[in-house]
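My entries follow in the order I looked.

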Amino acid sequence: CIIQNEELYDSMFTSILELRDLKTSDSRVISSLLLEVSKKVYSVRASSGTHSESTAVFDDKKWEDLIKRSMNLTDVIQAITQQNISSVFIVVDILLFLFFLSPPSVEETERLQDTLINTCCEQNLQRITSQYLELTISVLKLSPSPQKHQLITLLEAIRREKKLSSHHNMVLTTEEKVTQLNSSKDRTYLFKHPGVVCTRSGRCGFKLKHCQQKKKGWSIVLCTDGAEYSGTDVHYHDVVTLDRMYHYVLVSGTTADGHKVKIPARYGWWTKWLPGLKNVTVEGQCIQYDLTGYLVHKHD
């Protein structure tokens, strides 16, 4: 019942966030209710075995193949329908390349915009954060490319659709520690999942292994074996799954005309939209974790 009525719980959560002048006793009751719902959701998901068996958070080769097959908006819609795309984050990434390399006409964009958005909703894609979209749109507005206008219009339509964009369902976590291991890098992230009441010593989190592979590009793998966490103060809970993660890099820089920008991106799309970007700095490797179906109570 909880999982089947996620929109109802989303609405309830939003209403709770808007409450004012709560008494201490009210806060305790709300906190208790939220914790109980989180436990129930975790129990239901665990028993239904809904988490992914794969551990690849990102695969460079598969990503390039998907970009090459997405030559127009119809291709993107088809890829979503065929379940080759699981997240609105990925849809936005593809659109950023498509509209620069092979921009559809204004007429085509207007004709297919509703179809694209409706298809994303029907396939129940992982939502994107409104903050991610707002940052992306703010960067595009500084681009000299004329096709930016129709892409911005499309991204703003996605941001307005509650089934595709959310401001509170995603949790952002950035790397805590980076360890170089031969041809790979282990990046440790601290993350306490609301569906877990942890009694273990140390800190909750997970590790991602960045692996370079000959002829196959590179991949990012979620470390799920407890042995991979030995010797650290971080431990992993298997309720944390890759299908709810979106990995990207946060980059900062200065445009050719002096504007300072922060750019969220999985790939370097900004090099096309912002030619002449200077002082480019990687601020961090980020993970957006989708907590749809889990209610999180933020303590002041």
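**Cores.** I count a nonpolar core as a set of buried Ala, Val, Leu, Ile, Met, Phe, Trp, Tyr and Cys residues joined through side-chain atoms within 4.5 Å. Buried means under 20% relative accessible area, exposed means over 50%, and partly exposed lies in between (1.4 Å probe, protein chains only). This is a predicted model, where local features need pLDDT of at least 70 and side-chain atom pairs count only at pLDDT 80 or more, while totals for chains, interfaces and linings use all residues. Residues are numbered from 1 along each chain as its sequence is written, and side-chain values use heavy atoms, with hydrogens and water left out.

The largest nonpolar core has 54 residues. Ile85, Leu95, Leu155, Ile263 and Trp269 have the most contacts inside it. Helix α5 gives the most to this core, with 11 residues. I then looked up a second, separate core, and it has 18 residues. Tyr189, Cys223, Tyr236 and Val240 are among them. As background, nonpolar side chains tend to be buried together in soluble globular proteins.

I picked Leu95 for its surroundings. Contact here means heavy atoms within 4.5 Å. I left aside its neighbours within four places in sequence. Leu95 then touches Leu73, Leu116, Leu151, Leu154, Leu155 and Ile158.

**Whole chain.** Helices (H or I, at least four residues) and strands (E, at least two) are DSSP runs, numbered from the N terminus. I find nine helices and 11 strands in the chain. Of its 300 residues, 48% are buried. I also checked contacts between residues at least 6 apart in sequence, and 71% of these join residues at least 24 apart. The chain exposes about 16,000 Å² (Shrake-Rupley method, 1.4 Å probe; for residues, only the protein chains shown count as cover). Carbon and sulfur atoms supply 50% of that area.

**Helix α6.** This helix covers residues 106-122, 17 residues in total. From first C-alpha to last it reaches 25 Å, close to the 24 Å expected at 1.5 Å a residue. The expected span is 1.5 Å times one less than the number of residues. Where is the kink in α6 centred? I find it centred on Leu112, at about 40°. The bend at a residue is the angle between axes fitted to the seven residues ending there and the seven starting there.

I listed the buried residues of α6, including Glu108, Leu112, Gln113, Leu116, Ile117 and Cys120. The buried residues of this helix pack against α4, α5 and α8 (148-160). Just after α6, Asn124 takes a positive phi of about 55°.

**Salt bridges.** I call it a salt bridge when a side-chain nitrogen of Lys or Arg is within 4 Å of a carboxyl oxygen of Asp or Glu. My search of the whole structure finds three. Asp186 pairs with Lys207, the closest N and O atoms being 3.4 Å apart. Asp186 is in strand β5 (residues 184-190) and Lys207 in strand β6 (residues 203-213), 21 residues apart. Are these two partners buried or exposed? Asp186 is buried at 5% relative accessible area, and Lys207 is buried at 8%.

Asp186 also pairs with Lys209, with closest N and O atoms 3.0 Å apart. Asp186 lies in β5 and Lys209 in β6, so this pair ties together parts 23 residues apart in sequence.

Arg203 forms a salt bridge with Asp233, also listed with closest N and O atoms 3.0 Å apart. Arg203 lies in β6 and Asp233 in the loop between β7 (217-223) and β8 (234-235), so the pair ties together parts 30 residues apart in sequence. Arg203 is partly exposed at 34%, and Asp233 is partly exposed at 41%. Shared partners join Asp186, Lys207 and Lys209 into one network.

**Positive phi.** Most residues other than glycine have a negative phi. I noted Gln83, with a positive phi of about 65° although it is not a glycine. Gln83 is in the loop between α4 (73-81) and α5 (88-101), and it is exposed at 64% relative accessible area. Asn279 has a positive phi of about 50°. Asn279 is placed in strand β11 (residues 278-290) and is exposed at 58%.
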